[in-house]
Amino acid sequence: MAKNYLFLLFLSFISSSAFGQSYTLSGKVVDIVNGKPLSDIEIHVENTHFTTKTDINGSFFIEGNLPPGNQIVLVEAEGFTDQRLPVLFENGLPVHIPLIPLEVNITEEQLQIGIISLSDQELNADAGDADYSISGLLSASKDAFLTAAAYDFSATFFRPRGLGSERGKILINGIEMNKLYSGRPQWGNWGGLNDMQRNRIFTLGTAANDYTFGGLAGTTNIIMRASQYRRGGRVSYASSNRTYKGRIIGSYNSGLNKNGWAYSVSLARRYGNEGYMDGSLYDANSIFIAVEKEINPAHSLNFSAFYTPNRRGKSSANTQEVIDLKGRRYNSYWGKQDGEIRNSRTRKIKEPVFMLNHYWNLSEKININTNVAYQFGSMGNSRLGYDNAPNPDPGYYQKLPSYFIGYRDSPNRETAYRAYENFTEDGQINWDGLYKTNILYGGNACYYLYEDRVDDKQLTANSIVNVRINDNVNLNASINLKSLTSHNYANTLDLLGATTYLDIDTFNTGDAAQSDLNNPNRRVGEGEIIKYNFEINALQADVFMQAQFSYNRFDFFLSASGGTTTYQRNGLFKNGNYPEDSEGKSDKLSFAPYGIKGGMTYKYSGRHIFTMNSAYLKTAPVLRNAFSNSRQNNRTVINLQNEGNINLDLSYIYRDPIVSARLTGYYIAMNDATEISFYYADGISGLGRNVTTAFVQEVLTNVDKTHLGGELGIEAQLTPTIKVKGAAAYGQYTYSNNPDLYLTSDDFNAEVEFGQANLKNYRIAGGPQQAFQLGFEYRDPEYWFFGTTANYFSHAYVDIAPLTRTKNFYQDTDGLPFNDYDPQLARELLKQERFEDYMLVNAIGGKSWRVGSYYVGFFAVINNVLNTTYKTGGFEQGRSANFRTLQEDAQRETRIFGPKYWSGYGTSYYLNFYIRF
């Protein structure tokens, strides 16, 4: 009824003007339930730069060279249903809309509360693990394709345009939150603060952004100001079988009072002994507080702080043999101790963030936003260590049936069957056995639990200036500074019944075995530093400038950035393998990144819009790719340089009252990148010794990649209650050259170069490169809704092992090709595995009630209704590094060193109950 009323009301607004004349637009926005005025409601004249917000009385006013003719006024606000109102500017007459009543968007309320939590796997991405996360639900918008990517495609670790989260920028109150170490946002730093993340501004790709230059994957600014939250409270409880079992959130926002004060607070807890994957515990708490004082109309000061300590048990990647024996939920990282699940690979994050933001309206046309943030704390990843003892991992290859079966012509069935029984009947860590072993060996730890620990202290400051020159020209600029001191070390967590741990490398002898030559043969207890100990100091400074121009038919912008980035390592241990270049300060690495981008929008009419964006960037390598083995020495990557990035995208956008759609084509080239991997290799040539095995650091330099593809999102409101929608992503992401490869290792000290790795035209791993969706939604006027989507995924690939694509693959230890090398067989062995295509059907539904000024409801999501089995990713093991070792493994009845995979969830649910007041 309200929608019909609005439609009839605003069809009656007709005013007149001639081309080039000035017009005014005014009105008032109120709550449809109680008639109270609504402040801070955004008012836009679509396809123009004209925008404003309602004041404390709900009133708004826009004046300027508004385009004549039929236009659409968009009224949008968090928690309310958007309104698109037709008006006509004609003959210079003012347009006044006396009353715009808004109603609460129940469906949006449910989506915001619920679905954000479905992507909690992003909170657990390890900086050292393969990155499958996307910009995630923070980048979800009213764009049909981005909504599909965030809500439905993300379950398969789909990445829009094939770009990882390090290619985008996440800002909170204008402050960049991406980590200097990996370039990725640390999702766990604000996990659980769903209610506080509602106000966000997303810029797609390299389009113009008012806050920062941005990245290839776009920019999201989460606005967490106390005055920007709508007054009221919310309490919710959720149950799930995905990453956690239960979640409780409570939040309250005061709104801006008459004295200019506002505050917001949120508390949350997420918990579970295990999620969908066995043994994957979840224990997380979250607290947020923000206080803002509007000193006067020109100045406002906001302080916010959030702390989200969380602990998460990881799950293992498994070979196909393990999956066949134990199922897709199997996780080798845990076992029971005293009847309780204990996971050996636990990630802990404790990094509080404090922010102070100053907002200064210098004049009606100039705004200055100055921000300071301080973040500190720790991040740790635990694992089991073992010295002079068998590997405790129950999924270790020497404990599996394949190890004993041998070759197809000489299987050892009896021992293989015993291994099969042991693994299928148990197959978990034997914690009691580890304690007994330590006690048996006199109290010195053969087995121990330790943690790879990072203690960061980071100070970030910036100032963002917005200047509106006139109705057509807007200028943006910012200056940013980020300073990091990072302490990296390993420390003992639990000696598992032992009294001491001898801090040496038992795979080496003499001085080479010492972690710290200044303190040889150290015996330590729990909570002490072992193995490695160093600091990283990093400084990043940059400036950003942008000019935006907006006219009746054309909008365009031009943006540039430049800066400096420096890294330096300071070794605190004198490593026995590198006595000359492990202790003390390394050479200082300096880079001068810069970028330029521009874009244009052509508004053929109110329904047909064309956009183009292009960019050229030179970005500094991230910290993790600057040092070849930072845990042991000061050596930097050879010929390290800025990475080059080129982006071009073209879009056609169609909008009318029934149908909205976007079709985009894009081309992205990334050049001169560096990638570092760590693994155990068997079959390495060129070491100048008989031994061909080593734990290595593989360094790829001059890596070029090309991402080419298209995106389509479309939705149609067929009736007031029924909407159909569709989305498609068609991409091809490949290596576009043959990068250079060299290895380092404490087993052979000096760098060993292997020339080019033949990676050209191999596909880049990281989720499906093609995805398609078809779905519908039904929203009943009585506040219940239901929807379902069918999502089809294809062209996902295993991550390849580059060393096997170098001369090492065919070269014997004497430097000559293997005498039995078969090129045809080699091509078969090196063929990249493509995962099977699959389809996931998801369903969503809920019901809400309005009781006076309260809203009560529930909401449910069922993902993978058909319980489809599929793989979300995987990687080739680098262990079989040459033709003979890989052929030998392939000839086995069951491969020992086949690829390892991550399996997708089966049927999973998420159920949420809430009350809003």
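Trainee: What makes strand S13 (residues 246-253) and S14 a pair?
Mentor: DSSP must find at least two bridges between two strands for them to pair. Strand S13 and S14 are joined by 8 bridges and run antiparallel, so the pair meets the rule of at least two bridges. One of the bridges links Gly246 to Tyr271 in S14. The strands themselves are DSSP runs of E with at least two residues, helices are runs of H or I with at least four, and both are numbered from the N terminus. The model is predicted: local features need pLDDT of at least 70, side-chain atom pairs count only at pLDDT 80 or more, and totals for chains, interfaces and linings use all residues. Residues are numbered from 1 along each chain as its sequence is written, and side-chain values use heavy atoms, with hydrogens and water left out.

Trainee: What does S14 pair with over 12 bridges?
Mentor: Strand S15 (residues 282-296), in the antiparallel sense. There, Arg269 stands opposite Asn285.

Trainee: Which residues make up the covered face of strand S14?
Mentor: Ala262, Ser264, Ser266, Ala268, Arg270 and Gly272. The uncovered face holds Trp261, Tyr263, Val265, Leu267, Arg269 and Tyr271.

Trainee: What makes S9 and S10 edge strands?
Mentor: Strand S9 (175-176) and strand S10 (200-203) each pair on one side only. The open sheet has 4 strands in the order S9-S8-S11-S10, with mixed pairing. Strand S8 (residues 169-172) and S9 pair antiparallel over 2 bridges, and Ile172 has Ile175 in S9 as its bridge partner.

Trainee: Which residues is Gly606 in contact with, leaving aside its neighbours within four places in sequence?
Mentor: Asn47 and Arg655. Contact means heavy atoms within 4.5 Å. Gly606 lies in the loop between strand S32 (594-603) and strand S33 (608-619).

Trainee: Why does the radius of gyration of the protein chain agree with a compact globule?
Mentor: The radius is taken over C-alpha atoms, and the globule rule is 2.2 Å times the number of residues to the power 0.38. For 917 residues a compact globule would have a radius near 29 Å, and the protein chain has 29 Å, so the two agree.

Notes. Buried means under 20% relative accessible area, exposed over 50%, partly exposed in between (1.4 Å probe, protein chains only).
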